Amino acid sequence: MTITGLRRARPGAIASRRSLHVLEHDLLVFRRGWYSYLLSGLSQPFLYLVSMGIGLGLYVNRNGGVPGGVPYLDYIAPALLVTQAMMAGAFEAAWPIMGKIHWDKTYFAALNTPIGALDLLVGDLMWIGFRATLLSVLFLVVIVLLGAAASPLVVLAVPVAVLTALAFAAPIMAFAATQTGDGGFTALFRFGITPMFLFSGTFFPIERLPLFLQPLAWITPLYHGVAAARSLALGQVDPVGLTVHVAALVAVALAGLWAGRITFRRRLVV
Amino acid sequence: MIPADGSTVAADITTGRRRYHRGVPETTPPVTEQLIHARGLTKCFGSFTAVNGIDFDVAPGEAFGFLGPNGAGKTSTMRMIGTVSPVTSGELTVFGLDPAQHGARIRARLGVVPQADTLDSELSVLENLLTYGRYFDLSWAESRRRAKELLEFVQLSERSDDRVEPLSGGMKRRLVIARSLINEPSLLLLDEPTTGLDPQARHLVWDRLYRLKQRGVTLCLTTHYMDEAEQLCDRLVVMDQARIVAEGSPRQLIDRYVTREVLELRFRRADDETDDSSYLDGRLEGLAERIEQLPDRVLVYTEDGEAAAATAYERGLRPASVLVRRSSLEDVFLRLTGRSLVD
Amino acid sequence: MLTIRIAPPLALARPTRLVERNLLVYRRTFMVIFSGFFEPLFYLFSMGFGVGALIGNVPLADGSSVPYVVFVAPALLASSAMNGAIYETSNNFFFKLKYAKLYDAIIATPMSLNDIARGEVMWALLRGSLYAVGFLAVIVVLGLAGFRLVSSPLGLLAFPAAMVVGFGFAGAGLAATTFVRHWRDFDFMQLAIMPMFLFSGTFYPIDGYPPALQAFVQATPLYRGVHLIRALTTGTPDATLLIDLAYLVAMGLIGLAITSRRLGKLLQS
């Protein structure tokens with residue numbers, strides 16, 4: 001009933017251009033506290049890059065380093081570029097969205113205007129994409145300044161990072177619309193995001209994982225983001241592999257968007 | 001571009017008129033065009049029926065109220081009118097448009113004051129209005145112009161750069177009302193506009209709503225405050241358990257469902273007395289057409305309260321206190337919806 | 001009812017009431033506490049075994065060298081003791097202080113401000129000890145499976161040592177939180193915790209740092225905690241462990257004293 005009502009309203013459309021107004025709203029909020037957004041978003045990956053890449057890297061490189069003889073700093077820099085985007089995307093899609101739906105209920109205020117549920121979904125997803133882009137570009141500058149960029153193709157790692165952020169944000173937004181408390185997010189981050197950060201090829205090649213865990217790493221979107229960004233940053237691009245990685249990320253993002261269409265309507269149009 | 005100023009309302013209303021035409025009680029101006037038109041309107045959540053086949057119409061310029069206890073279906077009805085909740089079955093048009101097909105067009109001309117404030121705590125007072133205006137496709141300049149004007153209107157100009165969080169309940173409410181007016185709506189939906197406010201704040205809100213009504217804005221509100229309904233509504237419906245149980249102007253409802261006056265007799269009783277009626281001993285029988293007996297109080301519905309009180313004394317009753325008052329909407333409400341708690 | 005009936009000395013009897021109250025609350029959010037147990041384990045497997053395979057051996061303070069996982073495991077135990085204490089004494093304590101108004105209600109009872117501070121530290125330690133026990137249990141299981149991460153019987157003392165680390169950070173965390181005015185201020189606390197976690201000799205020896213930086217790092221509490229526990233699990237203790245102990249105990253006690261005084265200002269003004 002719910003869904004047919006809306007589908008009649010905008011046949012086939014995912015959202016209207018009004019989603020841009022939702023994006024505007026988020027940018028206005030951003031304007032107020034941009035420094036703390038950027039500080040908290042960039043400080044963590046920067047500290048990891050210095051500690052792991054330079055401090056720990058000394059011992060890794062001394063021992064022969066990662067396969068292919070790449071300096072450890074160069075090896076983890078693109079991975080951290082992607083993981084910080086994942087963190088930003090996952091976080092923004094969880095607590096803030098829950099706040100707009102459940103705690104402050106500002107979505108319901110917007111729904112009293114011509115804005116529709118899907119405009120909110122797409123608008124806020126665009127915002128997350130914008131934020132991930134900003135953070136990724138700034139982090140790329142840090143990487144270049146630290147001399148951790150082996151190939152000019154590293155610039156293309158930024159869109160890969162943004163795509164990874166969306167591949168996490170879209171399904172988590174869909175999930176957030178089904179929640180009435182943040183307990184689910186705690187479990188999601190502890191048992192989903194953190195293990196991915198640690199085991200999806202960020203700090204060591206997944207070939208080092210026990211055999212039975214390797215397929216598990218392959219199906220995580222973070223693995224595909226890291227692998228694609230690393231191949232670009234190191235200038236070791238395999239066109240087929242890159243296509244597969246990017247296609248996997250796009251597929252997850254679209255699946256998340258599709259799930260979000262369902263859960264947003266179910267939650268917001270009652 | 002969607003007209004945000006309601007300029008095409010007239011055209012849409014003709015559609016509504018073609019569909020339905022009915023007489024209106026004499027207390028309201030004679031109108032034939034309905035802004036809201038509902039027949040057999042029903043809303044179900046799973047197996048629970050929140051609104052059960054209600055009929056009503058709201059005419060332009062009218063102040064129309066939904067009165068009823070919690071859970072009567074008022075908010076569900078408002079949300080259907082606001083096109084944020086799909087109609088389960090029945091007929092509903094707003095501005096002559098079908099909410100299922102023209103949700104965005106309808107909302108472009110509506111102002112909504114929801115029950116919860118839903119303000120954006122991360123933005124300032126002014127920015128709350130600005131972003132809301134943008135949701136209506138207003139330009140930044142226009143949005144800013146209206147926002148400033150509206151803050152003046154709700155007496156919040158000096159707080160415009162403050163955060164929302166520290167505002168008092170009354171200020172937040174006024175801000176929500178300002179927000180609902182940013183698109184210059186011709187129909188304003190208010191869901192319990194003054195619940196939780198202190199008397200000063202309530203009167204200020206009423207005053208602003210009255211001015212809007214003077215300007216020709218149609219008001220449609222829910223409340224469970226009788227004084228609010230009497231102050232603001234030209235016409236109202238009483239809802240109970242998902243249905244409309246009465247309809248009319250406040251005066252009509254009082255005339256129809258209660259007597260002119262109410263005599264309240266209060267008795268001082270020992271705590272251990274359990275039998276409800278023993279203290280009356282049948283001495284009030286035949287005194288009035290309706291007598292309601294409460295644990296320590298008796299309400300006598302009568303045309304002449306003084307006379308009824310005198311008779312009670314003659315018959316030997318010695319109440320601790322006696323009060324004769326004009327009957328109010330509250331008596332109507334309790335008569336129609338009962339005294340038991342519904343929470 | 002899950003209330004603890006023990007008879008501690010009077011000085012700790014009243015603080016225990018607060019621990020009971022927290023237990024009652026956390027019965028409902030058991031998952032949050034339970035899941036925290038996995039974080040140090042994930043790091044142990046990722047860093048210790050995954051990255052460790054890229055590194056091989058690293059040198060200890062006494063010149064001997066050990067596999068990387070042996071080097072990093074005690075550091076992760078110390079870090080998780082710190083994190084457990086900080087989680088509990090930052091956001092959670094702040095919520096109870098400013099939003100739930102819990103302590104405003106409590107000070108109307110015979111509980112003193114000191115009791116409140118001690119009770120919260122005890123609670124943080126209880127939670128921290130749960131993680132320490134879990135982490136050590138995994139180390140024992142790995143040892144049985146042939147991965148020896150502890151090379152000395154002194155390793156048994158790693159548990160009480162982790163408690164001392166937790167105590168130091170719990171006291172300091174409470175004291176810091178009493179100065180917090182808004183949630184955003186916790187970002188600054190993270191800006192202290194995160195660099196300590198990454199640069200205090202947790203993941204690699206600090207010998208490569210310039211001397212001034214080395215001295216600075218050695219003055220941070222996490223470095224002392226890592227130094228203490230690592231010396232025990234690798235069987236390389238010396239007199240400097242007394243510095244570690246004195247440092248952490250003093251930090252906890254000073255934190256408690258500041259907390260009681262600040263609570264008085266915040267609650268009784």
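**Close-up views of a predicted three-chain model**

**View 1. B:Ala242, in the loop between β8 and β9 of chain B.** B:Ala242 sits in the loop that lies between β8 and β9 of chain B. The model shown here and in the other views is predicted. Phi of B:Ala242 is near 75°, a positive value in a residue that is not glycine. Is B:Ala242 buried or exposed? It has 21 C-beta neighbours inside 10 Å, so B:Ala242 counts as buried.

**View 2. B:Gln155, in the loop between α5 and α6 of chain B.** The helices on either side of this loop are α5 (140-153) and α6 (169-180) of chain B. B:Gln155 is not a glycine, yet its phi is positive, at about 60°. B:Gln155 has 13 other C-beta atoms within 10 Å, and is therefore partly exposed.

**View 3. The open sheet of chain B.** Six strands is the count for this sheet, written in order as β5-β6-β7-β3-β8-β9, and the pairing is mixed. Which strands lie at the edges? They are β5 (110-113) and β9 (243-248) of chain B, each of which pairs on one side only. From one strand to the next, the twist averages 15°. Strands of a sheet pair through backbone hydrogen bonds, and the pairing may be parallel or antiparallel.

**View 4. Strands β3 and β8 of chain B.** Strand β3 covers residues 63-67 and strand β8 covers residues 235-240 of chain B. The two strands run parallel and are joined by 4 bridges. B:Phe64 has B:Arg235 as its bridge partner in β8(B).

**View 5. Helix α8 of chain C, residues 186-199.** The helix has 14 residues, which at 1.5 Å a residue should span 20 Å; the end C-alpha atoms are 20 Å apart, so the two values agree. Which residues of α8(C) are buried? They are C:Phe197, C:Leu198 and C:Phe199. Seen down the helix axis, the buried residues of α8(C) fall within an arc of 160°, and therefore line one face of the helix. The cover over these buried residues includes α2 of chain A, along with α4 (68-99), α9 (211-218) and α10 (221-233) of chain C. Just after α8(C) comes C:Gly201, with a positive phi of about 75°.

**View 6. The contact between chain A and chain C.** Here 26 residues of chain A are in contact with 26 residues of chain C. On the chain A side, α2 (19-62) and α7 (183-199) each supply at least two residues. The largest share of that side, 12 residues, comes from α2(A). Sorted by class, the side of chain A that touches chain C has 14 nonpolar, 10 polar and 2 charged residues.

**View 7. The contact between chain A and chain B.** How many residues of chain A are in contact with chain B? There are 25, and they are in contact with 26 residues of chain B. Two or more residues of the chain A side come from each of α1 (2-9), α2 and α4 (106-111) of chain A. With 6 residues, α2(A) gives the largest share of the side that touches chain B. By class, the side of chain A that touches chain B divides into 12 nonpolar, 8 polar and 5 charged residues.

Technical notes:
Residues are numbered from 1 along each chain as its sequence is written. Chains are lettered from A and ligands numbered from 1 in the order in which they are written. This is a predicted model: local features need pLDDT of at least 70, side-chain atom pairs count only at pLDDT 80 or more; totals for chains, interfaces and linings use all residues. Two residues are in contact if their C-beta atoms, placed from the backbone, lie within 7 Å. Ala, Val, Leu, Ile, Met, Phe, Trp, Tyr, Cys and Pro count as nonpolar, Asp, Glu, Lys and Arg as charged, and the others, Gly among them, as polar. The expected span of a helix is 1.5 Å times one less than its number of residues. A residue is buried if 20 or more other C-beta atoms lie within 10 Å of its own, exposed if 12 or fewer, and partly exposed in between; C-beta atoms are placed from the backbone. The arc is that of the directions from the helix axis to the C-beta atoms. Two strands pair if DSSP finds at least two bridges between them. Axes are lines fitted to C-alpha atoms, for helices over the stretch in contact, and angles run from 0 to 180 degrees between N-to-C directions.
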